[in-house]
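This report covers side-chain contacts, both charged and aromatic. Please view the sequence and the model alongside the text.

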Amino acid sequence: MWWGYDWRRTSCSWTWFATAGGSWELSSACRCASWRCSSSRKPPGLMRRPAQAELSCRVLHYISEDLTQFEVSGPGGAVGDGSTIDAPSSSAADGPDVTSKRAFLSALTASATTVFPFLCEILEQHFQAAQALQTAPLPPSSSAAAPSSTSTSPQQQQQQQRQDAISAHVAALSAALAALSTWVEWVPMRRLAGSPVLAACAFFLREGSPALRLQALDVMRQITWRKRANESPSDYSALMDGLGGALLGATGALGLLLGPQDPLPPAMVRELGFGGSQSEFGSRLLEVLECLGEGHFRCLSEPSGRRAAFLAQLLTFTRHPYLRLSG
């Protein structure tokens, strides 16, 4: 439940296949025609229109997804933090396709500083828009209105219109989180750590609907799957420490981070357990915690108390009778 509204009843007004197909075609055109995607040059009012915002996020999603599905061999490509776009090098062993892919990678890496704020701004604005729609009172219906030939009353029609509008904003939120889940796979860690992505994910863990919470966890899970590779140790540690802080801050706000002597709330045992309404959320959260601990525990800051908080979180879930850590 989100603002008292059952989001499971909502559905996107667009046909998913048509939207996804159109987005894929646009992303292919962006890759073939121009690698420099500039999300900062968005038309006025785009951010407030849920349909256009959703389409923009889907385009960014498929552009990034396309990037992760090809391999670039040989020298060149994007390295470091992507502050400059490397000129594609050519050699006898490099065909035009390899050269174009390198240029595509470099251009997308350089655009991360505009893409991340763009997606997070969509998340903020459409969250606020959906909240405003949910809390705003319905306008009073006119008692002098002519009787309708259908059985739907004017108030029911207004309620349905409101639900459709909220559904459109939720679809934009979902598309933005889906796009983030692909961009965080490969964007240089310094760019990612300095962006508002982690704060946005933590916010939706605290305030989002069940579906949006799972998507926020998916973004975090993608980050935990990353290895340091050619990133600097400081950039790598800063990203994973920031991820741990965002995740543990959200679980603490949800009441899931308890002390060793604190009893487990019955609602927590029931909802996160087998057959509970939040069982999938609990399983996904546990997966993110396991990946963070197994691969990046040493990055968590000890002076700030994040290591101790992480261990306390694991102990909390170990005491739960149904979660995997208790087995």
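R307 is partly exposed, with a relative accessible area of 23%. Here buried means under 20% relative accessible area, exposed over 50%, and partly exposed in between (1.4 Å probe, protein chains only). The partner of R307 in a salt bridge is E302, with the closest N and O atoms 3.7 Å apart. E302 counts as exposed at 57%. A salt bridge is a side-chain nitrogen of Lys or Arg within 4 Å of a carboxyl oxygen of Asp or Glu.

The model is predicted: local features need pLDDT of at least 70, side-chain atom pairs count only at pLDDT 80 or more, and totals for chains, interfaces and linings use all residues. Residues are numbered from 1 along each chain as its sequence is written, and side-chain values use heavy atoms, with hydrogens and water left out.

**Salt bridges**

The structure holds 10 salt bridges. The table lists three of them.

| Pair | Closest N and O atoms |
|---|---|
| R190 and D235 | 4.0 Å |
| R221 and E287 | 3.2 Å |
| E302 and R307 | 3.7 Å |

R221 lies in helix 8 (residues 210-224) and E287 in helix 11, so their bridge ties together parts 66 residues apart in sequence. Helices are DSSP runs (H or I, at least four residues), numbered from the N terminus. R221 is buried at 16% relative accessible area. E287 is partly exposed at 24%. Both belong to a network of salt bridges that also links D218, E280 and R284.

R190 and D235 form a salt bridge too. That pair links helix 6 (residues 189-193), which holds R190, to helix 9 (residues 233-253), which holds D235, across 45 residues. R190 is partly exposed, at 45%.

**Aromatic contacts**

Rings of Phe, Tyr and Trp (its six-membered ring) pair if their centres lie within 6.5 Å; planes under 30 degrees apart are stacked, over 60 edge-to-face, and the rest tilted. The count by this rule is 6 aromatic pairs. W183 and W186 make a tilted pair, 5.2 Å centre to centre with 35° between the planes. W183 is buried at 0% relative accessible area. W186 is buried at 16%. Together with F116, W183 and W186 form one aromatic cluster.

Which residue does R213 lie over? R213 sits over the face of F281, 5.7 Å from the ring centre. The rule for a charge over a ring asks for NZ of Lys or CZ of Arg within 6 Å of the ring centre and within 35 degrees of the ring normal.

Key:
Helices (H or I, at least four residues) and strands (E, at least two) are DSSP runs, numbered from the N terminus.
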